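Hello,

Here is the structure for you to look over.

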Amino acid sequence: MKYVEEKAKKIPVLDEVDVLVAGGGPAGIAAAIAASRAGAKTMLLERYGCFGGVLSQVGVEGFAWYRHENTVEAGGIAFEFEEEALKIGGATPECQSDSQALDAEMFKCVADKMLVESGVTPLLHSFVSETIVEDDKITGVIIESKSGRQAILAQRVIDCTGDGDVAALAGAPYTKRECLCSVTPLFNCRGVDKKEFLEYINEDLKPTYSDWRGEWEMQTNGKEDQMFSPYLVAPFRKAIEEGSLEKEDHIDYGGSYSTVSDEGEVLQLNAVFISGVDPTDVKSLTKAEIDGRKAVLKAISALRSYVPGFEKARLRNFGMTMGTREARQIDGLYKMTKEDVRNQARFYDSIGIFPEFIDGNGTLWLPTTGRYYQIPLRALVPKKIDNLLVAGRAISGEIDAHASFRNMSCCVMTGQGAGVAAAVSVSDNCSIKEVNIKKVQKELEKQNVRVF
């Protein structure tokens, strides 16, 4: 590999804050709001032109699609997302649960409103390119933007990039599997005959979660098998069998949908899966984006041919970016395990609870019995670098635990916990590793989070 030497130069300091949050997805929004509400001067960085991450940029509107009558949750900012979206007409009942499907475009406005009202300083179009670390303590980051190369100094930094980018740049230890979860280019269609499509779903397909044990080879625990699921795999399998849809080795077809609007839109079509992609490799991501768009057009062609109501359907839009599920996992002070998420783990340093919901790595469990587990603050704290927290899907855990805590509303919960922990540690002038967990838990409960 060739290298060039970058000349040393002075970098202007854009701002100095108590808490800096990198990554404006569900975890980052929650972290920034929580830190600011707890009294910290807080800034939120985002590389794109809007906040919302996988929700507004990828287009996954099924924010809490696991929720059913007996589901027990942490609440907090996760509930506020739904409440605020409903207020401005940016939410509709989600088709398979007791939750709201959050309109991807309207959520951009929800995020803006909540951040501004909480006193957070927002900074869009800004990408973290380097970290400032002294004696294994992170003291800020260097960003790249239209304004050039600038520094932001912070007493605490929270990595909510999803891929653990800031933690990796800072030198925090992490793991990354060789074979990562597939990525998905989500898309939305228009021109669908709603009545005809729903008749096909409800009278012909009659999909349930038991179908996931077929083509997707997911293991359920039986209790959810007869519940409705917007599972849309049969038409793609038929298209492949009849030769009208060519299946490539690294691309698979079939999946699910979410909202079907009165205007003939079918949203959150999660129907193309690309394997062998590394979300931390820019060349790999570039190829996946291009391959994904090509595959989506093939998927729409199959839907037109094999799904009643889709005969005149056409692409409405792609997500702004590829939907990724897994990359780095930090090596934290505690590593969440398969047993933790399946056996109602309890921790003295809990920052919130999450229902017994598992979706990934060959397993699907829906939380219909009231069971839940707690997430410890230690799983958000890297072993080596001080003053740094990680929230969202890159927290410390085994892959079987990741299949649960990677979900959006859990990312919001860990983000809110990280934000409060950072603010309390700044206020008390102590290390994250030495923060008074009782104070953190008291503030979280004040912010309407169920901790235990």
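**Pocket**

The lining of the second largest pocket divides into 7 nonpolar, 7 polar and 5 charged residues (Ala, Val, Leu, Ile, Met, Phe, Trp, Tyr, Cys and Pro count as nonpolar, Asp, Glu, Lys and Arg as charged, and the others, Gly among them, as polar). This is a predicted model: local features need pLDDT of at least 70, side-chain atom pairs count only at pLDDT 80 or more, and totals for chains, interfaces and linings use all residues. Residues are numbered from 1 along each chain as its sequence is written, and side-chain values use heavy atoms, with hydrogens and water left out.

A pocket is an open set of points on a 1 Å grid over the protein atoms alone, where a 1.4 Å probe fits, with protein on both sides within 12 Å along at least five of seven lines; lining residues have an atom within 4 Å of a point. The second largest pocket holds about 190 Å³ of space. Of its 19 lining residues, A104, E105, N188, R316 and N317 are the closest to its centre.

**Helix contacts**

Helix α1 (residues 26-37) packs on α11 at about 30 degrees, with the axes 7 Å apart. That makes α1 roughly parallel to α11 (angles under 35 degrees count as such). Their contact (heavy atoms within 4.5 Å) includes A30 and A34 in α1 and G415 and G419 in α11. Its residues divide into 11 nonpolar, 3 polar and no charged.

Helix α3 (residues 77-87) and helix α11 (residues 408-427) have axes that come within 8 Å and cross at roughly 120 degrees. I77, A78 and F81 in α3 meet S409, V412 and Q416 in α11.

Best wishes

Definitions and conventions
Axes fitted to C-alpha atoms, helices over the stretch in contact; angles between N-to-C directions. Helix = DSSP H or I, 4+ residues; strand = E, 2+ residues; numbered from the N terminus. Parallel < 35°, antiparallel > 145°, perpendicular 65-115°, else oblique. Points joined across faces, edges and corners; volume = space filled by probe spheres on them.
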